[in-house]
Amino acid sequence: MRIGHGYDVHRLVPERKLILGGVEIPFEKGLLGHSDADVLTHALMDALLGAAGLGDIGRHFPDTDPAYAGADSLKLLAHVMELLAQKGYRLGNADCTVIAQRPKLAPYLPAMVENLARVCGVEAEQINLKATTEEKLGFTGEGSGICAHAVCLLLP
Ligand code: MG
């Protein structure tokens, strides 16, 4: 078994879509980034790559590469799963936390889990997703960004 951890942050700005776990969430701001800036999917990808000893998403999908401009992060996740399969690993389970003051994410969690589980080729119960605030503290609390943590276990 191999364990991995991922963490990512993106800035919240006007006139961008808010996409988390491949779900577009109605909100007055969205996450800024070279790709679709899906901070949750990025944290999960980093956990998966980390567990497999494959570095991080910056190495596989550089933000200087125009190929990834506006990229659908679920497609990048699918590529990560291929890399894992090539090394003989499959996902045992992942546990992820999204930290955002607003909007309320609870209604969207099941759709995010469904997307991530589908792309990872696992059952929904193998992907646990949580959302929390940081009690109005720090950059998430003031609404200037959203961050996500993920840990995962890979099985042979
Ligand atoms: Mg990112």
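Which residues touch the most other members of the largest nonpolar core? Of the 49 residues in that core, these are Leu20, Leu44, Leu48, Leu77, Leu91 and Ile127. This is a predicted model, in which local features need pLDDT of at least 70 and side-chain atom pairs count only at pLDDT 80 or more, while totals for chains, interfaces and linings use all residues. Residues are numbered from 1 along each chain as its sequence is written, and side-chain values use heavy atoms, with hydrogens and water left out.

**The nonpolar core**

- A nonpolar core here is a set of buried Ala, Val, Leu, Ile, Met, Phe, Trp, Tyr and Cys residues joined through side-chain atoms within 4.5 Å, where buried means under 20% relative accessible area, exposed means over 50%, and partly exposed lies in between, using a 1.4 Å probe and protein chains only.
- Helices and strands are DSSP runs numbered from the N terminus, helices being H or I with at least four residues and strands being E with at least two.
- Leu91, one of the residues touching the most other core members, is in contact with Leu48, Met81, Cys120, Val122, Gln126, Ile127, Cys152, Leu153 and Leu154, once its neighbours within four places in sequence are left aside; contact means heavy atoms within 4.5 Å.
- As a general background, nonpolar side chains tend to be buried together in soluble globular proteins.

**Helix packing**

- Helix α3 (residues 73-86) and helix α4 (residues 109-120) pack at an angle of about 35°, with their axes 9 Å apart, and α3 passes α4 in a right-handed crossing.
- Axes are lines fitted to C-alpha atoms, for helices over the stretch in contact, with angles running from 0 to 180 degrees between N-to-C directions; a crossing is right-handed if the near helix is turned clockwise from the far one by less than a right angle, and left-handed if anticlockwise.
- On the α3 side the contact is made by Leu74, Leu77, Ala78 and Met81, and on the α4 side by Asn115, Leu116, Arg118, Val119 and Cys120.
- By class, this contact of α3 with α4 has 7 nonpolar, 1 polar and 1 charged residues, where Ala, Val, Leu, Ile, Met, Phe, Trp, Tyr, Cys and Pro count as nonpolar, Asp, Glu, Lys and Arg as charged, and the others, Gly among them, as polar.
- The axes of α1 and α4 come within 12 Å and cross at roughly 35°, again in a right-handed crossing.
- Leu40, Thr41 and Leu44 of α1 meet Met112, Leu116 and Cys120 of α4, and these residues divide into 5 nonpolar, 1 polar and no charged.

**The magnesium site**

- The magnesium ion is coordinated by Asp8 (OD), His10 (NE2) and His42 (ND1), at 2.0 to 2.2 Å, and these donors follow the spacing D-x1-H-x31-H along the chain.
- His10 lies in strand β1 (residues 2-14) and His42 in helix α1, so the pair ties together parts that are 32 residues apart in sequence.
- Both His10 and His42 are buried.
- Donors are N, O and S atoms within 2.8 Å of the metal (3.2 Å for Na, K and Ca), and water is not among the atoms, so sites may look incomplete.

**Cys147 and Val9**

- Cys147 is found in strand β7 and is buried, with a relative accessible area of 3%.
- Beyond its neighbours within four places in sequence, Cys147 is in contact with Tyr7, Asp8, Val9, Val39, Thr97, Val98, Ile99, Phe139 and Thr140.
- Cys147 and Val39 are 108 residues apart in sequence, and 6.4 Å apart in space from C-alpha to C-alpha.
- Val9 is found in strand β1 and counts as partly exposed, at 34% relative accessibility.

**Backbone features**

- A cis peptide bond, with omega of about -5°, joins Arg102 and Pro103, and Pro103 lies in the loop between β5 and α4.
- Glu15, which is not a glycine, has a positive phi of about 60°, and Glu15 is exposed, with a relative accessible area of 81%.
- Lys136 has a positive phi of about 65° although it is not a glycine, and Lys136 lies in the loop between β6 and α5 (138-141).
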